[in-house]
Every structure is written in C-alpha cells, then in structure tokens.
Amino acid sequence: MDYQSGAVSPVGSIEKGWGIIKDDYWVFVGMTVVAFIITLIVAFILGLINTVITTVISGILGFASSNAGDAAKITASIAPQIISMVISLFTNILVLTVSGVFFCGIYSALAKKVNTGVADFGELFSGTSKIVPCLTFAAVMSLIQFIINIVVLVIGVAAGVGAIGLATMGKNGSFNPAALGGLLFLVLGLFLATLVVNLIISVLTTFVYPLIADKNLSGIEALTLSIRAGMSNFGGIFLLLLLVGLMLIGGAFACLIGIIFVAPIASASLFAAYQSVFGNSGGGFRQTPPPPPVWNTPAGQQPGY
C-alpha cells in the first residue's frame, strides 16, 4: 500500500481535523464520552479482579510461610507482585482491545464524515467487527510494554541495591550521600529513557487503528505498515503528538473533564495526518483522469487544458 513521506504538518493536521468535526463536534464528544465510560468500567472490573486474586494468593503464601525460613518469606512477599504483573499483562490486553475497538469506531465515523458529510453516532460500535485485529495489536503492544517494565524494574532494583551498598561504604562505614544522589540521577535517567521509548513507539503506531478501520487490515499488517509510514514521517508525527499531548494536558487542568472536549479534536487531528500520508479514506492516492474531448473543439480549448 502506497504512502507519502514527509507529508504530516502538525499544525495543519490540527486545523484540518477541526475542519472535519466542527459541524458535528458534539456528536464526536458524545462518542468520546461513551467510549471512555465503557473502557473505564472494563478497566475497573479487570483491575478489581487482579487485586482480589493477588490479595488471596498473598494471604495464602503468607500463611504457608509464617513458620518457614527467611528465603521462603522473601519468596512469599515477591511472588504476589510477579503474579500481579502477569495478570496485568492479560488484563491490559483486554483493556487495549476494548479501547482499540472504540478507536476504530471513531475513525470509521471520521472517514464517513469525510466521505459523506454525515456524522453517524452508530459508527462508534462498528469497531466491534475489528475486534480480532485490535486484539492482535493489543497483545503485541502489551507484551512490548511488559518487557520494557521488566527491564526498567531489573535495572532499577540492581541500581538501588548497588547504591545502598555504596552509601554505607564511606570512611569507617559512615553514610555516603553522594551514592544516593547518583541513584536519584539514575532514576531520572530511567524515567526519561522510558518516556522517549514510549514516544517513539507512539509515533510508529499512530496509524494502526486508522488502517484497521479504514483499510480493513489485520493487526500485524496495520502495525508493520504504520511503522514504515511512521519512520517516513517521524518528525511531523512526533511534533503532532507533542501538540496533541499538550492539548490533552491543558484539558486535564480543567478538572480533568476538559479532556473529554479536547479528545475529539485530538482524534480528528491524527486522522487528518493519516489522510495526509495515505490519501482519502478508502481510496489511497488516486489521480482524476482528464475529461473526454469535445467534438469539433480545437485542442487548446478542450476541457482540462
């Protein structure tokens, strides 16, 4: 599938996105509210299940190791956290799948708005037909995020243990605050590195849901194509995501409820960027042929000249 390189204008995408939805802005706000509430309910239920399972397992292991050695007690204290992380991997997949289905529905509504001029609220639920590719993408992204979290956790724990050891290795066993200062810098560095990695991932996966919704691609096909297109438009998408992020943060300052009113503009802006890269919805980059010649009309006066 063809795509354009260097086609994303950050400010232009926001302006074009607003132009798409401004006549039916409140319809898209309603879609956002419904999608947010349903996704929040699903996330709450799954999080509650995770908490209950982890608490029960922690209680059982704690009781079983109450008369055991130190090694068993340490294992009993760590095991529930590991189990919680594993459960969170699967619950995160389900939450991402639900949110992905609604994203596909919103992008389908945006595509219909562009093609027909009609904003159809019912399109929000059309994403249910894309649940399989959304589930595939959610599984890949959850696994990637799980690996990133594990790596950060291992590095953080190793650095913390090392810093604590150095902090107590001053002269005559005195406390060495410089080591803890180094630990703080390391934690800050890990945070910034994780932020950069997540931003890069966001840039490369920006077009996944529009491609699933508009081009009917599978999760893997949409992911690989989005990565290629994202690399060819990295700077524009990166700046667009920063602007959209600032818009959402600004909405969050309005007692959080402002996000609901900014989110439709954010979605429309990303969809406008998608159209800049892949062409009009459902059509790609098509060239309109010239009109047929008119009989007995000189060539210089033919339509299209």
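**The cavity and its surroundings**

Author: With three residues, α9 gives the most to the lining of the largest cavity. The model is predicted, so local features need pLDDT of at least 70 and side-chain atom pairs pLDDT 80 or more, while totals for chains, interfaces and linings use all residues. Residues are numbered from 1 along each chain as its sequence is written, and side-chain values use heavy atoms, leaving out hydrogens and water.

A cavity is a set of points on a 1 Å grid over the protein atoms alone where a 1.4 Å probe fits but cannot get out, and its lining residues have an atom within 4 Å of a point. A search of the whole structure finds one cavity of 30 Å³ or more, and the space in the largest cavity comes to about 30 Å³. Its lining consists of Ile-21, Phe-28, Thr-32, Ile-106, Leu-110, Pro-264, Ser-267 and Ala-268, and the elements that give two or more residues to it are α2, α3 and α9. The helices are DSSP runs (H or I, at least four residues). Six of the lining residues are nonpolar and two are polar, with no charged residue among them.

The open space is a pocket (an open set of points with protein on both sides within 12 Å along at least five of seven lines). The largest pocket holds about 1,300 Å³ of space. It is lined by 34 residues, of which Ser-99, Phe-103, Tyr-209, Leu-248 and Leu-270 are the closest to its centre. Two or more of the lining residues come from each of α2 (25-64), α3 (70-116), α4 (131-167), α5 (177-204), α8 (234-253) and α9 (258-278). The largest share of this lining, seven residues, belongs to α3. By type, the pocket lining divides into 24 nonpolar and 10 polar residues, again with no charged residue.

The largest nonpolar core has 50 residues, and those that touch the most other members are Ile-21, Leu-110, Phe-207, Leu-211 and Phe-278. Such a core joins nonpolar residues that are buried (under 20% relative accessible area) through side-chain atoms within 4.5 Å. The largest share of this core, 10 residues, comes from α9. Two of the residues named for the core, Ile-21 and Leu-110, are also among those that line the largest cavity.

Conventions: Grid points are joined across faces, edges and corners, and a volume is the space filled by probe spheres set on the points. Ala, Val, Leu, Ile, Met, Phe, Trp, Tyr, Cys and Pro count as nonpolar, Asp, Glu, Lys and Arg as charged, and the others, Gly among them, as polar. Buried means under 20% relative accessible area, exposed over 50%, partly exposed in between (1.4 Å probe, protein chains only).
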